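User: I should like to learn how to read a protein model, taking one feature at a time. Please begin with a single residue and proceed to larger elements.

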Amino acid sequence: MTTPFPHPPGADDGALPPPGCPAHATAGRGPGGLHRLYGPEHENDPMGLYEKLRAEHGPVAPVLLNDDVPAWLVLGHTENQHMTRTPSQFSRDSRHWRLTKDGTVPPDHPLAPVFTWQPICVFADGAEHERLRGAVTDSIGRIDHRGVRRHINRFSNRLVNEFCQDGRADLVSRFAEHLPMMVMCQILGMAEEYNERMVQCARDMIKGTATANASNAYVMDVLNKHVARRRLKSEEDFTTWLVEHPAGLTDDEVSQHLRLVLIAAYETTANLIANVLRMVLTDPRFRAQLSGGHMTLPEAVEQTLWDEPPFTTILGRWAVGDTEFGGQQIKKGDALIVGLAAANIDPVVRPDPHASMQGNRAHLAFSSGPHECPGQDIGRAIADTGIDALLMRLPDLQLAVEEHELRWRSSLMSRHLIALPAKFAARPPQDVASSPGAMTRATPLPDWQVESPPRASAPQPKPEPAREPAPVSPSVPMPAPAPASSSSAAQTRAVIPAQRRPAVPKRMWQSVTRWWRGY
């Protein structure tokens, strides 16, 4: 058993050193020699830190949060499942936290927007959780998924139009960070509130920064005004469904749940899109599987959820009583952190961290138990539909820098790619305002491909016999091709082989395409 301080976090006699005490710190660590879940070590390599903690302490490790607040990080896959599925032992109600009761963690702590108790389902257990969660899940169930995919396609093409003529773009700041917010504002019925400030505040408020509380205040002010409008005039949107739900949510409860849905969906999906695109552009095996038909884009999303979950941790759970857990003595009122990323690479369930997890959805990217993310399918839809639209428009995307130049920024809850510079052939913007049926093109739209360049010694494939052109996706028109020499045409045939066989009925593919894109 590990004892991180003279007494474990939550000890009753107050022998804990004060947060930030330099006398108890060692090089690269905090008081008691504990690793910090913030600062350079965590910022530069959180996954490496998780493995170091696992080797030192086992499946449950003592750590320090911002301002050197002690907590327990749960690293094991089995232990995380037990903790998230046993609310009678590990409550989601942050009012159990002894360090907020005794004033050690003040109300203006940088992580306050994450852990401060609010009248929402994620801070409730039992009957109250069922009442609030039921209102959220029922409202999510009313979302028209086909309609959402139409919005995703339209917004994706609108974003691509903003940079397609440049030949270069940062796919994080120009695409991944904006698409989820555009879609979620549409779902919540507040499309007019989408702007750059909302995007940046949504990302900032969960990072534990000095401005996190101000960002949270801005988001809540927008949502409170939106709920007040829906009380006066209902619309066919998620907010109205929450307002009018039989559970009888108060205005405050509606606003807080809107914030929960908006921020959780935004941060996870923005990270997921960036992570999938990075894998597509940097991993030859990943790209070959995807372009060769051995992996679909939704399967690529699932693989990324294993390797780079959009939330790395979740704060948290609070011990209802004293217990032994993962070889550690947990005290009543201690804070525990759900280690999503660490659980996904637990050697007990994944001996080879580089092995393909295709077809396996046992990852904890969306947590587990009664508080498992209820909107995860919306996040998946935004990611796979949005990436598909991007790659259809820009099939020649390439990384514009060396892979080792990519940088991440880590916070307690997430690790996001700062930038993903890409280059491509410049193209004119496309009309995304016209109705799908009104958009016609003189040239067919080829299937998007992302594939590793062929080896120089690889033989050139024989030209395929003439066949009918593939059905054109009405929402993603094809730019006019540039004239190409015979040598460049041969190279194109080598890099972009045909994926669809002529024997497949054309009408069936047209139907599938229309259904997938929501038309």
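Predicted model: local features only at pLDDT ≥ 70, side-chain atom pairs only at ≥ 80, totals over all residues.

User: Which residue forms a salt bridge with Glu-56?

Analyst: A salt bridge is a side-chain nitrogen of Lys or Arg within 4 Å of a carboxyl oxygen of Asp or Glu. Here the partner of Glu-56 is Arg-29, with 3.0 Å from N to O. Glu-56 belongs to helix α2 (residues 46-57) and Arg-29 to the segment before α1 (40-44), so the pair ties together parts 27 residues apart in sequence. Helices (H or I, at least four residues) and strands (E, at least two) are DSSP runs, numbered from the N terminus. Arg-29, at 24% relative accessibility, also counts as partly exposed.

User: How many salt bridges are there by this rule, and which residues are linked in a network?

Analyst: The count comes to 25 salt bridges. Glu-177, Arg-203, Lys-207 and Glu-267 are linked in a network of them. Another salt bridge joins Glu-41 to Lys-52, whose closest N and O atoms are 3.0 Å apart. This pair links helix α1, which holds Glu-41, to helix α2, which holds Lys-52, across 11 residues. Glu-41 is partly exposed at 22%, and Lys-52 is partly exposed at 38%. Lys-233 and Glu-235 also meet in a salt bridge, at 3.8 Å from N to O. Lys-233 counts as exposed, with 54% relative accessibility, while Glu-235 is partly exposed at 34%.

User: How far apart are the end C-alpha atoms of helix α13?

Analyst: The expected span of a helix is 1.5 Å times one less than its number of residues. Helix α13 (residues 251-282) has 32 residues and should span 46 Å; its end C-alpha atoms are 46 Å apart, which agrees. Of these 32 residues, 28 are buried, so α13 is largely enclosed by the rest of the structure.

User: Which residues have the most contacts inside the largest nonpolar core?

Analyst: A nonpolar core is a set of buried Ala, Val, Leu, Ile, Met, Phe, Trp, Tyr and Cys residues joined through side-chain atoms within 4.5 Å. The largest has 129 residues, and Leu-65 and Phe-238 have the most contacts inside it. Helix α13 supplies the largest share of this core, 16 residues. Contact means heavy atoms within 4.5 Å. Beyond its neighbours within four places in sequence, Leu-65 is in contact with residues including Trp-97, Leu-315 and Ile-337.

User: Are the two faces of strand β8 covered or uncovered?

Analyst: In a regular strand the side chains alternate between the two faces of the sheet. In β8 (residues 335-339), five of its five residues are buried. Ala-335, Ile-337 and Gly-339 lie on one side, Leu-336 and Val-338 on the other, and both faces are covered.

User: Which strands pair with β8?

Analyst: Two strands pair if DSSP finds at least two bridges between them. Strand β2 (residues 69-74) pairs with β8 in the parallel sense over three bridges, and Val-74 has Val-338 as its bridge partner. Strand β5 (residues 313-319) runs antiparallel to β8, joined to it by five bridges; there the partner of Arg-317 is Leu-336.

How values were computed
Residues numbered from 1 in each chain as written. Heavy atoms only, no water. Buried < 20%, exposed > 50% of the residue type's maximum accessible area, 1.4 Å probe, protein only.
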